[in-house]
Amino acid sequence: MSTGQQQHIADTDTHPACYHCGDRCDGRDIAIGDRYFCCNGCKTVYELLAARDLCDYYVIDEARQGKTPFDSGYSHRYDYLDDPTIVEQLLDFSDGATRLATFRIPSMHCSSCIWLIERLSALNNGVVSARVNFPRKEAAITWNNEKVSLREIVILLASIGYEPYISLQDVAEKRKHSSNRKLYYRIGVAGFSFGNIMLLSFPEYLAAEGTMDPVFALVFRYLNVALSLPVFFYSASPFFASAWAGLRHRYLNIDVPISLGILALFGRSIYEIVSATGTGYLDSLTGLIFFMLIGRIFQKKSYDALSFDRDFRSYFPLSVALRADDGEHNVPLTKLKVGDRIVIRNQELVPTDAVMLRGEANIDYSFVTGEADLITKKSGDRIHAGGRQVGQAIELEVIKDIEQSYLTRLWNNDVFTKESHGRLHNMVDRISKHFTAVVLLIAFGAAAYWAFADPDIMYTVFTAVLIVACPCALALSSPFALGSAQRIFGNNDFYTKNTDAVETLARVDTIVFDKTGTLTQTRSGNVRWHGPALGEEVRAQVKSLLRQSTHALSRQVFASLAGDVTSDVEDYREVPGHGIEGRVDGHALMIGSAEWAQRADAAPPDTGSSAVYISRDGAPLGHFTVPNTYREGLQELVAALKPTYDILILSGDSDREATRLRAVFGDDVPMFFQQSPEDKLTFVSRLRAEGRQVLMVGDGLNDAGALKAADVGISISEDINTFSPACDGILAAQRFALFPRLLAFSKSSVRIVLASFAISFAYNLIGLSFAVAGLLSPLVSAILMPVSSVTVVAFTTVTTRFLARRRGLR
């Protein structure tokens, strides 16, 4: 017996079933009203769910028991998802109990759908997170496989009206999207019936009163009823299924008023024809359903055309170290292929599934799962894409092509999400939450008025109001405008993790720059050694240790040293803001600041250079000087930003660069030196506490905490694979001079969203006014509903591209 069945055991039973878990209660001592619990623990969980209005859990519990509200045999459709070989093909990630899969959900079509799907964790505690990609009609779901299986996840989605499209053929072909054949079938049935009903209705429409043979009139009317039945029960079924799923979980989605309108038209038509009091509205009904389905096709085509395919190839301006016969070379991720050997250094991401070959791997999968525990891997073990190496460099062999969009989804993991969504997103959420209820009130109010003023048009008015009002245009405004902006940003090598980042970027009033690796660029040609000449053995040991680090200074010194890396590193450790250490060939090496390398008494280098000190077995060897070469166009960038933004500089170096920096930024720009990563984090947090909207620009290494603490964090990327997942965007270093234009364009994008909101509100206001006044038929309403969405999409897309070109962006 399922939990849902057990809940209805008669009150006279002395041992009722627990309302929460379904177990047999020993008595009736623990209860809330007529709901009994086996223990105080179950009662407490129920109270927590009730306090958060999440008692839908108890409805969904039937699905978890292998049954659904729709059909007692429904779950058997997914028995094949218990096959491990099939499950393996569908998973994006699997390690320990954590699983991640992306589902194609064709029935998702408005912000209400997004709201419900992203709250799956409230319906089943085995779900860790659910994130929707609305334009692609996809949901990436992470779950604990010890609590819930893939099959149960699919049943859960189906039970709330969002049955995933699963095709193993699509998996083999890298998940090519279906053609939505069922939707086309429904359109065909509705179109056929609509056309024929119109033909059968013409004689009665055109004939003068009393001139048409009553027998023919009766036959034509019943033929219309027969033609309307497949439209009502088949073509319109997606609207009913979606509305029913929403109502079962006490949520009003946009398909609720649409379904009421269809039911009203159908019911009134059947009554008039059977009672011989009228001709009914079956032509309007079938036409209404036909045009609404056509509208969904238009929306789908819009999504497909503007699906913002921000996969890793166009999204991440990153490279990886490829191990070849002639040494190591940085290559773009797009050029990786199965069988390649790659080197992953400290804090770098593993870009694709690979097998461990050499080194000591400590993998942090928090980028994938949100769990920060390190997992040790040995030679021969499989390492999944998205893991981050902590410690010495490791060598891997690629065993799987990089999956498109996978790293992008990881970047949007909930664990790296800022405290709240953008303001536009929150506004749409609030409006969508109450939109349907307001439309229903207007529809019933209008029907009540016309019931007295003109009963003949009451049903027409009621249906027209329900159909013409649509929040879809409102829901599409923000994702399409800001999504188009994202794509334009991407064309200019600036990559934001989501549309909220674009919106927040437009509100920024304060910009904080890191210095090393952000304002300065990586060049190794002028690195100089100060100290006794390094022997070949010592030089190889120093280079072996430097190879482990991705810090800008480490990479510059590493590139300047001749010779190959021949030694393994043991006990490697890197302390942000200080330096690195490890044992190479039995010798303890320390490389970094003077204090770190036990050279506290060392004389500082000349102004304009950074120093990298080295000690071996506690004895100082000398230091390298690395010239600080500022990025091209920095002075023009500062001049463009200063009139609009407050600018500050945070640096982990000493103040010996202050004179050169002031020559570029001016004396009015505050500069803070010798800032540790913790100092930077505290500083940015303090600025936000003062009410400022802060943009932090860094290299993603020593300033990862500050990047996350800021309203927006931008990481500058320069041929490395170490961006911080806490950042909200990545700017390719060679595009640094474009930064002021990109910031200005983000403001333009938000203005476009607000303009599209105005268009959407105007459409709904005008449409509802005409519908309430009885001047709009349901058929015209059905045509106008998709037209509003297409208009908003066209406006946002064309306007965004036009403004981008005006600002010199491609």
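Which helix is Phe770 found in? Phe770 sits in helix H27, residues 739–772, where helices are DSSP runs of H or I with at least four residues, strands are DSSP runs of E with at least two, and both are numbered from the N terminus. Please keep in mind that this is a predicted model, in which local features need pLDDT of at least 70 and side-chain atom pairs count only at pLDDT 80 or more, while totals for chains, interfaces and linings use all residues. Residues are numbered from 1 along each chain as its sequence is written, and side-chain values use heavy atoms, with hydrogens and water left out.

**The chain as a whole**

- The chain contains 28 helices and 28 strands.
- Of its 810 residues, 55% are buried; buried means under 20% relative accessible area, exposed means over 50%, and partly exposed lies in between (1.4 Å probe, protein chains only).
- Taking contacts between residues at least 6 apart in sequence, 66% join residues at least 24 apart, with a contact meaning heavy atoms within 4.5 Å.

**A nonpolar surface patch**

- Leu765, Ile766, Phe770 and Leu775 make up a nonpolar patch on the surface, and together they have about 440 Å² of accessible area.
- Patches are built from residues with over 30% relative accessible area and no salt bridge, joining like charges within 9 Å and nonpolar side chains (Val, Leu, Ile, Met, Phe, Trp, Tyr) within 5 Å.
- Phe770 has a relative accessible area of 42%, so this residue counts as partly exposed.

**Helix H12**

- The 20 residues of helix H12 (residues 255–274) should span 28 Å at 1.5 Å a residue, and the end C-alpha atoms are 28 Å apart, which agrees.
- That expected span is 1.5 Å times one less than the number of residues in the helix.
- After H12 comes Ala276, which has a positive phi near 60°.

**Salt bridges**

- The structure holds 14 salt bridges, each defined as a side-chain nitrogen of Lys or Arg within 4 Å of a carboxyl oxygen of Asp or Glu.
- One of them joins the side chains of Asp353 and Arg382, at 2.6 Å from N to O.
- This pair links distant parts of the chain, 29 residues apart: Asp353 lies in the loop between strand S9 (341–344) and strand S10 (354–358), and Arg382 lies in strand S13 (residues 382–383).
- Asp353 is buried at 5% relative accessible area, whereas Arg382 is partly exposed at 35%.
- Glu581 and Arg573 also form a salt bridge, 2.6 Å from N to O, and Arg573 is partly exposed at 42%.
- Arg692 and Glu690 meet at 3.7 Å, N to O, and Arg692 is partly exposed with a relative accessibility of 28%.
- A network of salt bridges links Arg323, Arg341 and Glu395.

- Strand S17 (residues 510–514) is mostly covered, with five of its five residues buried.
- Thr510, Val512 and Asp514 point one way from the strand, while Ile511 and Phe513 point the other way.
- S17 runs parallel to strand S24 (residues 646–650), joined by five bridges, and Phe513 stands opposite Ile649 there.
- S17 also runs parallel to strand S26 (residues 694–698), joined by four bridges, and Thr510 stands opposite Val694.
- Two strands pair if DSSP finds at least two bridges between them.

How values were computed:
Areas by Shrake-Rupley, 256 points an atom, 1.4 Å probe, with all protein chains shown as cover.
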